[in-house]
Amino acid sequence: YRKRLTNLVERFPMIKGNKFEGFNSQKLKLHHSFADELDMLDDAAMQLAKELAELHQKMSDNESQLRSLAMYDGLTQLANRNKLNDFLHDSIIRMRRDNKPFGVILIDLDDFKKINDGQVHTVGDQLLQEVAERLRGLVHEVDLVCRFGGDEFVIVVEDIAHVRDANIVADEVLALFEEPFAINDLQFFVSVSLGMTVCNSAELNSDEIIRQADTAMYRSKEVRGNSKRLYDAVLNSEVIRKIELEHEAREALEHEHFYLALQPIIDIRTNDLHGFEALLRWRHPEKGLISPTEFIPILENSTFMFNLDYYVLERSMKALQFLNTLGYETQTIA
């Protein structure tokens, strides 16, 4: 009786440690004539261990499903942003430890919205699944393909020795889109814009890496149609200049460094003044006049352009009001 009781006491911590099989397998095998209270206790403990084992398995399955939902895209079954961030974090650590650069390619499907608007959304979903399948078949096991969101995908390529290696992978991606996608008896020709960056600096983090690839991708869109662009020092200086210019433009608007140059519109037959064309100009307090060909293309792609538009409209209205006070009541401003 003492041996059985000692055995049971020694086995109980296994239940707490989720070692249910050990609890069952290490039960002391003694033959006695009839079952007593200790047998009943042992049987109850065995039943408890069985039920806890089933519950533990269900919890493990649910945890695995939740992890899958958290790390993988439900539509394409590719990695999602969370998985990408973890993968980039590990890649950065390996790069710092082993001095092995890696490449990141951001892929954007051109005019995907037109497909969604022109077809039912299920067609768009099927197209994304087909794109994911082609990309999945391109990379090696050590690499990662991720659905970054919407119609954007990211490929992380390990062990990139040189920029030309990233270019080779980018060309292979572009080749995937030379053939049309067949969905519901329809054929879709899809072009893509690629932004690439090679990560070889210990100072980089995952957010900066994605920003570089995203910047290069948007610059490649200017070419339109199966194009690629590598993030480099030139592009970096352009980005820095753009950020500086946007910041300076906000200060310029606040301190009234913008102004309108009114170009007269004259009827050459009568020499009568019909109105003006309002041209936006920027006089920087330190840099002097900044050419519209420099700041307009940058600002018109930013949300700040709305503020500038309202400024021009308001100043134009004030100019017309001033002209009215001088007796020029029929003038217009374009």
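Q212 is buried, with a relative accessible area of 9%; buried means under 20% relative accessible area, exposed over 50% and partly exposed in between, using a 1.4 Å probe and protein chains only. Q212 belongs to helix α8. Setting aside neighbours within four places in sequence, Q212 is in contact with T197, L204 and Y231, where contact means heavy atoms within 4.5 Å. Helices (H or I, at least four residues) and strands (E, at least two) are DSSP runs, numbered from the N terminus.

A word on the ground rules: this is a predicted model, in which local features need pLDDT of at least 70 and side-chain atom pairs count only at pLDDT 80 or more, while totals for chains, interfaces and linings use all residues. Residues are numbered from 1 along each chain as its sequence is written, and side-chain values use heavy atoms, with hydrogens and water left out.

Let us turn to helix packing. Helix α8 (residues 206-220) meets helix α9 (residues 233-254) at an angle of about 90 degrees, their axes being 11 Å apart. Axes here are lines fitted to C-alpha atoms, for helices over the stretch in contact, and angles run from 0 to 180 degrees between N-to-C directions. The two helices α8 and α9 are therefore roughly perpendicular to each other; that label covers 65 to 115 degrees, whereas under 35 counts as roughly parallel, over 145 as roughly antiparallel and the rest as oblique. On the α8 side the contact is made by R211, T215, A216 and R219, and on the α9 side by L235, N236, E238 and V239. These residues divide into 3 nonpolar, 2 polar and 3 charged. Ala, Val, Leu, Ile, Met, Phe, Trp, Tyr, Cys and Pro count as nonpolar, Asp, Glu, Lys and Arg as charged, and the others, Gly among them, as polar.

Helix α9 also packs with helix α10 (residues 292-299), at an angle of about 95 degrees and with axes 10 Å apart, so α9 and α10 are roughly perpendicular to each other. R241, K242, L245, E246 and A249 of α9 face E294, F295, I298 and L299 of α10 in this contact. By class, the contact of α9 with α10 has 5 nonpolar, no polar and 4 charged residues.

Next come the aromatic rings. Rings of Phe, Tyr and Trp (its six-membered ring) pair if their centres lie within 6.5 Å; planes under 30 degrees apart count as stacked, over 60 as edge-to-face and the rest as tilted. By this rule the count comes to 5 aromatic pairs, including these two:

| Pair | Ring centres | Plane angle | Class |
|---|---|---|---|
| F177 and F181 | 5.9 Å apart | 55 degrees | tilted |
| F258 and Y311 | 6.5 Å apart | 55 degrees | tilted |

F258 is buried at 2% relative accessibility, and Y311 is buried at 8%. F258, W282, F295 and Y311 form one aromatic cluster. In the other pair, F177 is buried at 4% and F181 at 1%.

Two arginines deserve a look as well. R134 lies over the face of F181, at 3.7 Å from the ring centre, and the charged end of R81 sits over the ring of F148, 3.9 Å from its centre. A charge sits over a ring if NZ of Lys or CZ of Arg is within 6 Å of the ring centre and within 35 degrees of the ring normal.

Finally, E314 is found in helix α11 and counts as partly exposed at 45% relative accessibility.
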